[in-house]
Amino acid sequence: MTELMTFLTEGTGLTIVGFLFLCGISCVGSFIAASLGLGGGLLVLATMTLFLPPTVLIPIHAIVQIGSNGFRSFLMRRDIVYSLIPAFVFGTLLGSWLGGFTVFSLETWVLQAVLGIFVLYATWAPKFRSTDPGPLKFFGCGVFGGFVTMFVGGTGPLVAPFVNAACKRRQQVVATHGSMMTFQHLFKVVVFGFLGFSFGPYIPLLVGLIAAGICGTFFGRTVLNRLPEKVFRISIQTILTLLALRLLFEATKSFIE
């Protein structure tokens, strides 16, 4: 038993309690993301800050999100609005590449503030919400999101208003958003790999987090299919607002400190 605990946590700085707690949060986060479309990734990211150092936080979180979002996209592949994907993917590739060159030179609080303000605007501006975003907007969203995600990790709230405005059914929102975030996190992992980050010591942790996320996705998908469309739209708007306010709070706190 001791050897197993050592194998699971060696090189990570975690205790077995921390290991299991993070796996539990990964399950809960995937459940939230699969049932409401977003919110779960930021929950996992916020919890990871309590256990992992900042230097490993963003790349490890990205791997976990690839597992969670990728599996959700696979389960709901028939609901993905594929016409929205190419422009976003090209934009994300460009943004991640640019972010990789500046990841060590920009203040995180600036990006948090910009992201928080934009999410609030995109969520509540009537003109934005009533206009179907086209390829150009998704390309721009991909560029900005790919750039910002290198610094703040979770940019799901940035992408969600665009997807919410472009999709007619809640299943399409969740599936399309999940596929877009899979690509975004994948590009981020590739960039961090080129920057020299070593994922080796964290492989047991990643396997546990991804497996727990898959379990959460199964249950969350069941809840999504039973959720009324109006309740889903109100819920996603409320979550976006709360997440934007959290980003602004974190930006203000970092600026003051």
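A: Before we look around, here's one term: a crossing of two helices is right-handed if the near helix is turned clockwise from the far one by less than a right angle, and left-handed if anticlockwise. Keep in mind that you're looking at a predicted model.

Q: Okay, let me try the term out. Is the crossing of α9 and α10 left-handed or right-handed?

A: α9 and α10 cross in the right-handed way. Their axes lie 10 Å apart and pack at an angle of about 140 degrees. That makes α9 oblique to α10, because only angles over 145 degrees count as roughly antiparallel.

Q: Which residues make that contact?

A: On the α9 side you'll find Gly156, Val159, Ala160, Val163 and Asn164, and on the α10 side Val173, Thr176, His177, Met180, Met181 and Gln184. Sorted by class, the contact of α9 with α10 has 6 nonpolar residues, 5 polar ones and no charged ones.

Q: Let me step back to the whole chain. How many helices and strands are there?

A: The chain has 12 helices and 0 strands.

Q: What about confidence: what is the mean pLDDT of the chain?

A: pLDDT is the predictor's confidence in each residue, from 0 to 100. Here the chain's mean is 80, and 86% of the residues reach 70 or more. Element by element, the lowest mean, 55, belongs to helix α7 (residues 126-130), while helix α10 (residues 170-194) has the highest, 87.

Q: How far apart are the axes of helix α5 and α10?

A: The axes of helix α5 (residues 85-102) and α10 are 9 Å apart, at an angle of about 30 degrees. That makes α5 roughly parallel to α10, as the cut-off for that label is under 35 degrees. The crossing of α5 and α10 is right-handed. The α5 residues in the contact include Phe88, Thr92 and Ser96, and among the α10 ones are Met180, Phe183 and Gln184. Split by class, the contact of α5 with α10 has 8 nonpolar, 6 polar and 1 charged residues.

Q: Gln184 keeps turning up. Is Gln184 buried or exposed?

A: Gln184, a residue of helix α10, is at 0% relative accessibility and so counts as buried. Setting aside residues up to four places away in sequence, Gln184 touches Phe88, Thr92, Ser96, Gly145, Gly146, Thr149, Thr155 and Val159.

Q: Thr149 is in that list. Which helix does Thr149 lie in?

A: You'll find Thr149 in helix α8 (residues 135-152). Its relative accessible area is 0%, so Thr149 is buried. Beyond residues up to four places away, Thr149 touches Ile58, Thr155, Gln184, His185 and Lys188. Take Ile58: Thr149 and Ile58 are 91 residues apart in sequence, yet 8.5 Å apart in space, C-alpha to C-alpha.

Q: One last stop: which residues is Val56 in contact with?

A: Once neighbours within four places in sequence are left aside, Val56 is in contact with Phe197 and Tyr202. Val56 belongs to helix α4 (residues 54-75) and is buried, with a relative accessible area of 8%. For a pair to check on screen, find Val56 and Ser198: they are 142 residues apart along the chain, and their C-alpha atoms are separated by 9.1 Å.

Terms used:
Residues are numbered from 1 along each chain as its sequence is written. This is a predicted model: local features need pLDDT of at least 70, side-chain atom pairs count only at pLDDT 80 or more; totals for chains, interfaces and linings use all residues. Side-chain values use heavy atoms; hydrogens and water are left out. Helices (H or I, at least four residues) and strands (E, at least two) are DSSP runs, numbered from the N terminus. Axes are lines fitted to C-alpha atoms, for helices over the stretch in contact, and angles run from 0 to 180 degrees between N-to-C directions. Angles under 35 degrees count as roughly parallel, over 145 as roughly antiparallel, 65 to 115 as roughly perpendicular and the rest as oblique. Contact means heavy atoms within 4.5 Å. Ala, Val, Leu, Ile, Met, Phe, Trp, Tyr, Cys and Pro count as nonpolar, Asp, Glu, Lys and Arg as charged, and the others, Gly among them, as polar. Buried means under 20% relative accessible area, exposed over 50%, partly exposed in between (1.4 Å probe, protein chains only).
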